[in-house]
Amino acid sequence: MPAPDPDQVLLGQFGAAHGIRGEIKINSYTEEPLGIADYGPFTLDDGRVVEIDSVRMQGDGVVARIKGISDRNGAETLRNRKLFVERAALPELEEEDDFYHADLIDLALELTDGSAYGKIVSVQNFGAGDLIEIEPAAGGKTFYLPFTRAIVPTVDIKAGRAVVVPPPETEARPEDGEAEAEA
């Protein structure tokens, strides 16, 4: 689900309830995971507004206490909800080549020769690093590429474009069902 407002930036997503006293896990998208508590109030993707009371590390994850939530049932109502904050609440970027992931959305992608490649429709991280979801210029299904300097060597937010160097093509394998049908 997209941000409720284009001036809002996604900073995290709630996970499962943690314990019986209203704590909940948060997948934090901030540079320092516990830093998510420095922002807010948050607007959730269903329109509710919440504030983080406290956060702590639990293993590799962040566990939070949310104002007004005091039991597991309350925490479960937040499960899988995305947390957005007003862009104005974010600190100004100091370096010219720094940007927020939200700034990448809708950037035009070009190959090194300047030809159109597509546009970035989302930035994801499924645990193995950042990926950009690309809508191809020629149409068709979106696909993912790693968001690394080797693959995206140039990002020019002001110009609304980025340069992409796609990895060498890999051989497509038939789907499992197709392989069985051919056998």
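Visitor: Asp103: buried or exposed?
Guide: Buried, as its relative accessible area is 16%. Buried means under 20% relative accessible area, exposed over 50%, and partly exposed in between, with a 1.4 Å probe and protein chains only. This is a predicted model, where local features need pLDDT of at least 70, side-chain atom pairs count only at pLDDT 80 or more, and totals for chains, interfaces and linings use all residues. Residues are numbered from 1 along each chain as its sequence is written, and side-chain values use heavy atoms, with hydrogens and water left out.

Visitor: Which side chain meets Asp103 in a salt bridge?
Guide: Arg87, at 2.6 Å from N to O. The rule for a salt bridge is a side-chain nitrogen of Lys or Arg within 4 Å of a carboxyl oxygen of Asp or Glu. Arg87 and Asp103 are 16 residues apart, and both sit in the loop between β7 (82-86) and β8 (108-110). Arg87 counts as partly exposed, at 33% relative accessibility.

Visitor: How many salt bridges by that rule?
Guide: The count is 10.

Visitor: What does Lys67 pair with?
Guide: Glu51, with the closest N and O atoms 3.4 Å apart. Lys67 is in the loop between β6 (61-66) and α1 (72-76), and Glu51 is in the loop between β4 (49-50) and β5 (52-58), so the bridge ties together parts 16 residues apart in sequence. Lys67 is partly exposed at 45% relative accessibility. Glu51 is partly exposed too, at 36%.

Visitor: And Lys119, what's its partner?
Guide: Asp106, with 3.5 Å between the closest N and O atoms. Lys119 belongs to strand β9 (residues 116-125), while Asp106 lies in the loop between β7 and β8, 13 residues away. Lys119 has a relative accessible area of 30%, so partly exposed.

Visitor: Which residues are linked in a network of salt bridges?
Guide: Asp45, Asp46, Arg48 and Arg81.

Visitor: Switching topic. How many helices and strands?
Guide: 2 helices and 13 strands. Both are DSSP runs numbered from the N terminus: helices are H or I with at least four residues, strands are E with at least two.

Visitor: What share of the protein is buried?
Guide: 30% of the 183 residues. The protein exposes about 11,600 Å², and carbon and sulfur atoms supply 48% of that. Accessible areas come from the Shrake-Rupley method with a 1.4 Å probe, and for residues only the protein chains shown count as cover.

Visitor: What about contacts between residues at least 6 apart in sequence?
Guide: Of those, 49% join residues at least 24 apart. A contact means heavy atoms within 4.5 Å.
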